[in-house]
Amino acid sequence: MLTLALTLLAGTVSAQTILSKHTLLNKVEIDATPSFFFKVHGSGDFLSYTVAKNPNMPAAEGINHLLNVKTSEDSILPGPWDPVFVTDTNFMIIPDRANTLSNFNFYSLTNNKKSSVLHEAIPYVTGTYQSVGVRADGSFRLIAELSHMRHEIKDFKFDEVSSKLIVNKADEEEYICPNYSIKLPMLSKDGEYLSGVDIITKKTAIFKINDDYSCTKIVDIGIKTGKLNFNYDSSKVTYHLYGPSQEINEDSPINDDYIPIPDGDYVANIFVMDLKTKEITPITANSTGNSLYPDFTRDGRLVFITHPQDKNEKVNFSFVELK
Amino acid sequence: MKLTKLSSLAATFVLLLSTLAFAQVTDRSLNKFMQDNQKGIIYVWSPYMPLSVLGRQEIIQIAKDLNLPVLLTIDPSARGIQTEDQKLESRILMRSGVLDHFPATLLFENGKLRDDVLIHGYENQIPLTKLIQDYFEGRL
């Protein structure tokens, strides 16, 4: 009954349900089945994602894509995975090879973002899970994870005249949050904060990055979530969380008998947290299908990917206006 | 003769049923695996998270290096994927939050899941080996 009520009240797209106080502005479907990870350009006009080379054969290395939301034009980007926009600029940072100790290449997008020009790799940042912010002075800040204990950081600028990077302490390894062990790190859009799972507390937290790159924990989210993304003024964060869908009785006792669980029983939904009030707002209430890896555009729209349970339906990216 | 044939058929049916019952990682099969092995690793991966695919081969090596059994299980939303790994259906694991990011690495000890260990995200082989050792040797 609750599911039915929510379905009637909300803007329903199949079993993906946006809760009624929010507005589904646009849903962009694609034919491929990309990986869960994607990024939205801060303008909201472009999406980047990765597709496996062979959809039936699991492999790490895929093909990166850039989708123009307005024209539906899809271009190929370099790199094996994780094509990341530098917020809403004309730049991207992408791993240089299919290796977990890869470097990260800095690209300009050209020809109305239909192609890219490689400039150079950012020195002394290697690993995985790169994220980038643009600081108040216009410089870029890149971090990546080498291990839960070691995250590298580099601040740099791009000189448009010479097309070269001007890198702060270009010959040194620098580490961020050396005083914490963190998984799933994500830099805020302004480069001043880091979100991640604190290995010791086992909860997602937000850290302020100090001038010496040490970190001070400022918010404990209280639970462990999926990767946390910040909005453009760092007043809100968004994440996904799996939980039981409405149909199952979560109070039923766990026992040792074989319990066949329909694939849609645990679903991922989207949440937004106001960092000032700590209020958590659910955005979706899916009955099946998984909505994942939400992120913000500069103007505050929320964008997330949904993998429907019914594989006859297409993977889509939802653009939502929050109330 | 008739009885023997029926017994044989029944035995085949039971064997087939038990095979089907463990075609997925269920609460039951998870508990059995943990009870049978007492101490080891559980690795949950997804074809839709590339680094978890990469980590799958590495966790096999880590388990070998540490002389531990490893249970490999795949994202329940995966479809049409060629793999010998069983699909995750265990509510015990789902309730523990494994689905929120792939890979998810868990440990079990004394036949039970360690509820203090859920490592989300890819970790290179050397630091992950150390992390697992730290957990099992009480340093974390």
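I take helices and strands as DSSP runs, a helix having at least four residues and a strand at least two, numbered from the N terminus. Two strands count as paired if DSSP finds at least two bridges between them. The model I am reading is predicted.

**Entry 1: hairpin in chain B**

I started with β5(B) and β6(B). The hairpin they form has 2 residues between the strands. I checked phi there, and B:Asn110 takes a positive value near 55°. Strand β5 of chain B covers residues 104–109. Its pairing with β6(B) is antiparallel, over 5 bridges.

**Entry 2: sheet in chain A**

Next I traced an open sheet in chain A. I count 4 strands, in the order β4-β5-β6-β7, with antiparallel pairing. Which strands stand at the edges? I find β4 (34–40) and β7 (74–77) of chain A there. Each has a single partner strand, so one side of each lacks a neighbour in the sheet. From one strand to the next, the twist averages 30°.

I then went to the pair β5 and β6 of chain A. Residues 46–52 make up β5, and residues 62–68 make up β6. The two run antiparallel and are joined by 7 bridges. Opposite A:Phe46 I find A:Asn68, in β6(A).

**Entry 3: contact between the chains**

I turned to where chain B meets chain A. How many residues does each chain give to the contact? Chain A gives 52 and chain B gives 45. Between them the chains bury about 4,300 Å², with 58% of that on carbon and sulfur atoms. On the chain B side, I note that B:Tyr48, B:Arg91 and B:Asp100 lose the most area to chain A. Together these three account for 16% of what that side buries.

I looked for salt bridges between the chains and the count is 1. A:Lys183 forms a salt bridge with B:Glu123. Their closest N and O atoms are 2.6 Å apart.

I listed the elements that give two or more residues to the side of chain B touching chain A. The helices are α2 (27–37), α3 (50–66), α4 (91–95) and α5 (125–136) of chain B. Strand β6 (112–120) of chain B is on the list too. I sorted the residues of that side by class: 22 are nonpolar, 12 polar and 11 charged.

Methods:
Residues are numbered from 1 along each chain as its sequence is written. Chains are lettered from A and ligands numbered from 1 in the order in which they are written. This is a predicted model: local features need pLDDT of at least 70, side-chain atom pairs count only at pLDDT 80 or more; totals for chains, interfaces and linings use all residues. Side-chain values use heavy atoms; hydrogens and water are left out. Axes are lines fitted to C-alpha atoms, for helices over the stretch in contact, and angles run from 0 to 180 degrees between N-to-C directions. Contact means heavy atoms within 4.5 Å. Buried area is the accessible area (1.4 Å probe) that two parts lose on being put together, summed over both. A salt bridge is a side-chain nitrogen of Lys or Arg within 4 Å of a carboxyl oxygen of Asp or Glu. Ala, Val, Leu, Ile, Met, Phe, Trp, Tyr, Cys and Pro count as nonpolar, Asp, Glu, Lys and Arg as charged, and the others, Gly among them, as polar.
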